[in-house]
Amino acid sequence: MIVRSVEYIKGTDREIYAKKGTWISRRFLLKDDGMGFSFHETIIFAGTETFIWYKNHLEAVYCVGGVGEIEDIENNKIYPLYDGVMYALNNHDKHYLRATTEDLRLICVFNPPLVGKEDHDEDGSYPLLE
Ligand code: 9YT
C-alpha cells in the first residue's frame, strides 16, 4: 500500500512549478509506482490562462475547489469549473484552462503515467518518456 500526504510531496522533486508560471503540480503517483496511471494535485493560479494539448496522454481532471473555466478550442465551447466538475480529455483535445477569481484546485490522472518532472512544451504537451 502507498500512503502519501501533500506535506510529503511539497519541496521534493515530485512538486513541479510550470516554467510558464501558471500552475504547480504535486505528483502523488508516477510511473515507477506501478499503478498504470499517474495521479496529481494541480493548482492553477488565479488570473492565468494555460494552453494545453496533450498529444501523448489522456487526462481526467476533477475540480475540488476554486473558480475557472475550460475552453474546448475545436468546438468553441466554454465550460465553467468549480468544486464537483470533472472533464476528460478523451480526444487529446486542445484547450485553454483558466483560473479566474480564485486558484483552481484540480485532481488529475494521466494515462500513460508521467515519469517525473514533465513540464509543458511550446505546444502545451508532455513528451512520452520511459
Ligand atoms: C489540469 C492540467 O492539465 N494542469 C496542468 C498540470 C498537469 N495537470 C500536471 O502535470 O499535473
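Let's start with Ser25. Ser25 sits in strand S2, residues 23-29. Strands here are DSSP runs of E with at least two residues, numbered from the N terminus. Ser25 is buried, at a relative accessible area of 2%. Buried means under 20% relative accessible area, with a 1.4 Å probe and protein chains only.

One word on the source. This is a predicted model, where local features need pLDDT of at least 70, side-chain atom pairs count only at pLDDT 80 or more, and totals for chains, interfaces and linings use all residues. Residues are numbered from 1 along each chain as its sequence is written, and side-chain values use heavy atoms, with hydrogens and water left out.

Back to Ser25. The side chain of Ser25 makes a polar contact with the side chain of Arg27, at 3.0 Å. A polar contact is a pair of N or O atoms within 3.5 Å; within protein, one must be able to donate a hydrogen and the other to accept it, and residues adjacent in sequence count only if both atoms are side-chain atoms. Leaving out residues up to four places away in sequence, Ser25 touches Arg14, Glu15, Ile16, His40, Glu41 and Thr42. Touching means heavy atoms within 4.5 Å.

Now the ligand. Which residues come nearest to the ligand? Ser25, Arg27, His40, Tyr54 and Tyr126 do, out of 17 residues around the ligand. A residue counts as near if one of its heavy atoms lies within 4 Å. For Tyr126 the distance is 2.6 Å. For Tyr54 it is 2.8 Å. For Glu59 it is 2.9 Å. The ligand alone exposes 310 Å², and the protein buries 100% of that. Those areas come from the Shrake-Rupley method with a 1.4 Å probe.

Next, the core. The largest nonpolar core has 22 residues. Such a core is a set of buried Ala, Val, Leu, Ile, Met, Phe, Trp, Tyr and Cys residues joined through side-chain atoms within 4.5 Å. Strands S5 (58-72), S7 (86-89) and S8 (95-111) each give two or more residues. S8 gives the most, with six. Tyr87 is among the residues with the most contacts inside the core. Its neighbours include Glu59, Leu81, Leu97 and Leu106.

Last, the cysteines. Cys63 is buried at 1%, and Cys108 is buried at 2%.

How values were computed
Buried < 20%, exposed > 50% of the residue type's maximum accessible area, 1.4 Å probe, protein only. Helix = DSSP H or I, 4+ residues; strand = E, 2+ residues; numbered from the N terminus.
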